[in-house]
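Please examine the sequence and the structure shown here. A brief report on fold, surface and selected residues is requested.

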Amino acid sequence: MTPLEELRALHQVTQARYDQKQQKFRKLVAEETRLRQELARLGDMLHQSRREGDNLPEMRAIGADILWQGWIGRSRARLNLRLAQVLAVKEHHLSEVRQAFGKVMVVEELMSQELARQKAATARTALDRAIAQTLFPSS
């Protein structure tokens, strides 16, 4: 196996690992987005219930407004806890994605250098042949 073939095989492996880590990271970002949207929705619901609460004294009379606000508070706390967990995992995965990307870049640079080395060697060989034919023509 030539050095370039070895580097191509290594590139496939490093690219696959990078793609895998990037896919996990995308899932975390999607989960973060979902949680943030859910928190925004709960905030909107709380704001709306407070506006409408003034117009519905019967809700206050039976304590439904307090129960509703309690449920929203507990839901927000649960979502915020889950969001904090996702953000912590996301930070860890971000460093892994960066590291995997760096490895891909290094292998690509090594491949580029090997290709340049091979081209230079081929050019040197062609030049040597041309010089040899000029100095020692076949009759």
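The report below covers the basis of the values, the overall form and selected sites.

## Basis of the values

This is a predicted model, in which local features need pLDDT of at least 70 and side-chain atom pairs count only at pLDDT 80 or more, while totals for chains, interfaces and linings use all residues. Residues are numbered from 1 along each chain as its sequence is written, and side-chain values use heavy atoms, with hydrogens and water left out.

## Overall form

The chain has 3 helices and 0 strands, where helices (H or I, at least four residues) and strands (E, at least two) are DSSP runs numbered from the N terminus. The radius of gyration, taken over C-alpha atoms, is 32 Å, well over the 14 Å that the globule rule gives for 139 residues, so the chain is more spread out than a compact globule. That rule is 2.2 Å times the number of residues to the power 0.38. Along the principal axes, the C-alpha atoms fill a box of roughly 115 × 25 × 15 Å.

Among contacts (heavy atoms within 4.5 Å) between residues at least 6 apart in sequence, 90% join residues at least 24 apart.

## Exposure and selected residues

Buried residues (under 20% relative accessible area, 1.4 Å probe, protein chains only) make up 22% of the 139 residues.

Pro3 lies in helix H1, residues 3-53. Pro3 is partly exposed, at a relative accessible area of 41%, a class that lies between buried and exposed, the latter being over 50%. Pro3 and Leu110 are 107 residues apart in sequence and 9.9 Å apart in space, C-alpha to C-alpha.
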